[in-house]
Amino acid sequence: MSFLAAVLASAGEVEMTDLGKNVSELKHKISSLEYDIKDAMEQRYMKFALVSKDAASLLDTAQSYSNKINELISRIDNQTKREVADAMSDLKMFKSALEENKYSLNVIEQVLSASMNLSSDTQTKLSLAERIRSMQIAKEILTNNEHLSKLDVYKHLIREHQRVTDVLHSKCVATWRKQIEWVENNTDVQESWRVMLKITANKEDICDSILALQYFDSLNVEVKLFADKLINLIIKPIIIQNLQVDITKSIHVSIMTLKVSKIEDEYLSITIGKLKNVFKFLNSTLPINFNEIHIMSYLGSYASQQFCNIFKDKALFNAVPIKYNKLIDFQDELNEVLELNTYLNELGFFEKSNNELIKYTENIDNLFFNKISQIYYDKARTIIKKDLHDLVEVNNENRWTPDEDNNEDNSFCQTFFAYPQSKVSKSLLEFHNLIDEVASEMSSIPENDAWRYHDILNNITIMYCDMVSTQHSKALELNPQQSAVLYNNIMYFTRKLAEMSPTYKNLLIVHLLEKLKNLASEILHSQCKQQIVQVEKIVNQSDITQMAVNSNLGYSVEKSISQCFNLLSILSSLWKDILPSTVYCKFIGYSCNGLFESIVSKLFALEDISATSAEQYSSIFNKLIKDIPTLFPEPKEVHRYVPKWWQLNELIYILSSSMKDIENRWADGKGPLANELKVDQIRCLLKALFQNTDRRAALLKHISATA
């Protein structure tokens, strides 16, 4: 062996000895580090105790060990190249041990890196964007390394990642809401301001918050919430309540405040100016573009349609004049609406194709007529709903004088619709004044637009026909006087429409007159039927049929008939001073006739009537015949309004007369008895009143033969 070979062999032995020593020491240190990390992870994520060693120092140690391993592997590779045959097996063993330790260190570094990115101490020192980046790194480490999932601490790291993510999400939302803060004045004391929008961050910080919200998929929710508040707390109050806009700016804070305006009614141009100030404030304080997001366009995607609707339905609609001759002046204000639409297009709040406000203002005539129609319909609806009991007396003193050209038509109207002195509701006069107002307005507009007013008149009249009885149905059911008042209202209104028709040749509302008359008649007939039902109920529940064979029931029957009369008397007192005399007589007579029919039908059904009972029937009915005329202004004319009047009188005559008197009253089918009663009815009464004798048989035969 040469001297050089001996030296090299000696150096190789030294190198091998040093490698073995370093590998052994490094293996021991890595094992110790593993225990330290395991203990630290358990303390932090399992036992939730304070950790004495932080992840950063442990990570530094692990990285130093990793560097040392790389150095040793390099030395082993160099030693292998010297082809020291005796040392090959030892070198391979050293290298295998080092690679195993390197793998362990790699796992340790990943655990520590994930832990560091989840550390609250680390998180608090970073911006939102940096904290989100840390969360992303931790997530990548935990989800992209299958070896970590085998560790006991893995599920605790995953849970910690979720917890920190939730905390960061809440922090992002809280930061955004602190940067863009809404303050409402909800105190009971009425102060000068209502709402404040405070923006306390610069555009860069707001961009940071937007990025964070976007990462957590919360940007849509927060922008929609902001858009809703913008509409409800800023836009609507400006348009509806005429609130003033006050803007103040400093280095770090920009504030927009809505204050109570001392001016109740403002021009549309002033409202538009305030709305522009709102959008200028937003455009100057919020970022314009960020991460391919145009902020105003993004906001507009949630708020633009709401803005259009409220602006059209409130600002524009309310600004439209209610007098036709003011439409020309209003055109100047409409030009500002077009400018607003263009401004919002340029700002990005409206899409470029959004010309909704422009299209809405293209036909100002339609806007005008839609508005006045709604106003008149609302007024009509309000008047119809008013109570009926506040009355005023009306008569024919204010009837118009016929024009020469319309003499024939007007004479017909005066004759047919002349309305006698009576009482109507004050609300009806209000309604009639509304009709006159519409008709008067119609005379001041171009002829080609008059048809629109005609439609309004028709619709108001139809609304009255359809609504009035339904609106007051409860009052009509409980108070008969309301039926009389409503009858008067409708008939008086009908007369006024008839008077107006010839005056305005282009009106076609005459076809509604018959409908109104039928409605009025139906209301009173319905009330009469309701009263007749009560009367029939009293008669049916009385002892009127039992009394035919039991005269002791006379007092009970008399009491029931008296109760029926009292019911009619109350109805009379409620109607007498309300209805015109002829109408009153017609409908009170209709109600009285219902009582008479009920009584007559009961008597005709009797098969046996004792003599004593017949006298009692006669006495009770005679009292009724005496009392009923007192309900009429002309008692002697009662028979004109009560069709059964004479029939009941003839029935009473039969009850109190002999067969001879009845025969004379029959007068061979030509007497008053024959005029009011049918043969079958007379025969029934005779069989019930008289015993079966030859005399009765002869009378029955005579009546049948001479009928």
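Let me start with His472, which sits in the loop between helix 16 (450-471) and helix 17 (473-478); helices here are DSSP runs of H or I, at least four residues, numbered from the N terminus. Before I go on: this is a predicted model, where local features need pLDDT of at least 70, side-chain atom pairs count only at pLDDT 80 or more, and totals for chains, interfaces and linings use all residues. Residues are numbered from 1 along each chain as its sequence is written, and side-chain values use heavy atoms, leaving out hydrogens and water.

Is His472 buried or exposed? Its relative accessible area is 7%, so His472 is buried (under 20%, with a 1.4 Å probe and protein chains only). Leaving aside residues up to four places away in sequence, His472 touches Ile384, Lys385, Lys386, Asp387 and Leu388, a contact being heavy atoms within 4.5 Å.

By cavity I mean a set of points on a 1 Å grid over the protein atoms alone where a 1.4 Å probe fits but cannot get out; lining residues have an atom within 4 Å of a point.

Finally, the largest cavity holds about 120 Å³, and helix 7 (203-215), helix 8 (219-241) and helix 10 each supply at least two of its lining residues.

Definitions and conventions
Buried < 20%, exposed > 50% of the residue type's maximum accessible area, 1.4 Å probe, protein only. 1 Å grid on protein atoms, 1.4 Å probe; cavity = no way out; pocket = protein on both sides within 12 Å on 5 of 7 lines; lining within 4 Å. Points joined across faces, edges and corners; volume = space filled by probe spheres on them.
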